[in-house]
Amino acid sequence: KRPTEFTLYIEDLTVKFGGFTAVDKLNLYVDRNELRVVIGPNGAGKTTLLDLICGRTKATSGSIRFKDIELTGMSEHRIVRAGVGRKFQTPSIYESLSVRENLEVSFPRGRSVFGAIAFRRTRDVVERVEQVAEDIFLSEMLDRSAELLSHGQKQWLEIGMLLMQEPELMMLDEPVAGMSVSEREKTAELLNRISRNRSVIVIEHDMEFVKHIAHKVTVLHQGKVLAEGPMDKVQADPRVVEVYLGH
Ligand code: ADP
């Protein structure tokens, strides 16, 4: 398979902070429509890896290719435009706007021309909002103020805001942290659904949740890939067991 046939093709990626190597000659290949979970002990380099992909941190060396686009050296803004979405742990929704407005301002052409909440409510915007609202279980709450949503619903809304831009690669950092059991189940369903037509990378600590959602797991340790494969295989790998028991 050629590099451009993958959504994400990372080779020899290295980042040093002073004398410390946080990501060390890392290779990672993510297929189209794959849901990849990245696990690993604290300090393994998981967050730094996502920061590198979205352009927040600059690589010391190596290459990050997204389809046929070389991302290394590109600005965060251009990487978003190229089709890479990133959800951070704390939601950055507009609390004073309704669910509908939050989704509307996230439509690609919404914000750039008229400013934060000015946009044209064209038919394609309305249709996209309704489709996304259904995906994130908020169809019944479109006109509710975002500040009235539960913690889990706010997380879904932020995922919805990213979906409005139809990213081909979406990255999520601990999406179920702080969620109730039923919210977790629905989030698993949501992630499976959104990975049907895009690639998704999730950092997750909750192993039960990982088993639910993962196609394939990558275990990071000291900035390197320690193991990779289906969850049951990875979990039985003595090197993985050692790293987790050692902490
Ligand atoms: P994880 O997300 O797996 O817990 P991180 O990617 O946050 O790990 O961190 C990996 C290592 O890199 C940690 O030891 C962390 O202290 C270090 N690190 C991350 N960002 C910086 C930075 N900007 N400057 C210096 N060290 C950093």
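Student: Before we start, what should I know about the numbering and the model?
Tutor: Residues count from 1 along each chain, as its sequence is written. The model is predicted, so local features need pLDDT of at least 70 and side-chain atom pairs count only at pLDDT 80 or more, while totals for chains, interfaces and linings use all residues.

Student: OK. How many helices and strands are in the chain?
Tutor: The chain has 10 helices and 10 strands. Both are DSSP runs, numbered from the N terminus: helices are H or I with at least four residues, strands are E with at least two.

Student: What does the C-alpha trace span along its principal axes?
Tutor: About 50 × 40 × 35 Å.

Student: And how does the radius of gyration sit against a compact globule?
Tutor: It agrees: a compact globule of 247 residues would have a radius of gyration near 18 Å, and the chain has 18 Å. The radius is taken over C-alpha atoms, and the globule rule is 2.2 Å times the number of residues to the power 0.38.

Student: What percentage of the residues count as buried?
Tutor: 38% of the 247. Buried means 20 or more other C-beta atoms within 10 Å of the residue's own; exposed means 12 or fewer; partly exposed is in between, with C-beta atoms placed from the backbone.

Student: Switching to the ligand. Which residues surround it?
Tutor: Phe17, Phe20, Ala22, Gly40, Asn42, Gly43, Ala44, Gly45, Lys46, Thr47 and Thr48. The cut-off for being near is a C-beta atom, placed from the backbone, within 6 Å of the molecule.

Student: Which elements give two or more residues to that shell?
Tutor: Strand 2 (20–30) and helix 1 (46–53). Helix 1 gives the most, with 3 residues.

Student: How does the shell divide by residue type?
Tutor: Into 4 nonpolar, 6 polar and 1 charged. Here Ala, Val, Leu, Ile, Met, Phe, Trp, Tyr, Cys and Pro count as nonpolar, Asp, Glu, Lys and Arg as charged, and the others, Gly among them, as polar.

Student: Back to helix 1. Which of its residues are buried?
Tutor: Lys46, Thr48, Leu49, Leu50, Asp51, Leu52 and Ile53. That is 7 of the 8 residues, so helix 1 is largely enclosed by the rest of the structure.

Student: Which strands does it lie across?
Tutor: Helix 1 lies across strand 1 (8–17), strand 2 and strand 4, at about 65° to strand 2. Axes are lines fitted to C-alpha atoms, for helices over the stretch in contact, and angles run from 0 to 180 degrees between N-to-C directions. Contact means C-beta atoms, placed from the backbone, within 7 Å.

Student: And what follows the helix?
Tutor: Gly55, with a positive phi near 85°.

Student: What order do the strands take in the open sheet?
Tutor: 2-1-4-5, four strands with antiparallel pairing. Strand 2 and strand 5 (69–70) are at the edges with a single partner strand each, so one side of each has no neighbour in the sheet. Two strands pair if DSSP finds at least two bridges between them.

Student: How many bridges join strand 4 to strand 5?
Tutor: Strand 4 (residues 61–66) and strand 5 are joined by 2 bridges. Phe66 has Ile69 of strand 5 as its bridge partner.

Student: What about strand 7, buried or exposed?
Tutor: 4 of its 5 residues are buried, so strand 7 is largely enclosed by the rest of the structure. It runs parallel to strand 6 (residues 84–87), with 4 bridges. It also pairs in the parallel sense with strand 8 (residues 199–203), over 5 bridges. In that pair, Met171 has Ile201 as its bridge partner.

Student: Where is Glu174, and what is its phi?
Tutor: Glu174 is in the loop between strand 7 (169–173) and helix 7 (181–194). Its phi is positive, about 45°, although it is not a glycine. Glu174 is partly exposed, with 19 other C-beta atoms within 10 Å.

Student: And Asp12, where does that lie?
Tutor: In strand 1. Asp12 has a positive phi of about 55° and is not a glycine either. It is exposed, with 12 other C-beta atoms within 10 Å.

Student: Last one. What is Met164 in contact with, neighbours within four places aside?
Tutor: Leu103, Ser106, Phe107, Arg128 and Val132. Met164 is buried, with 21 other C-beta atoms within 10 Å.

Key:
Two residues are in contact if their C-beta atoms, placed from the backbone, lie within 7 Å.
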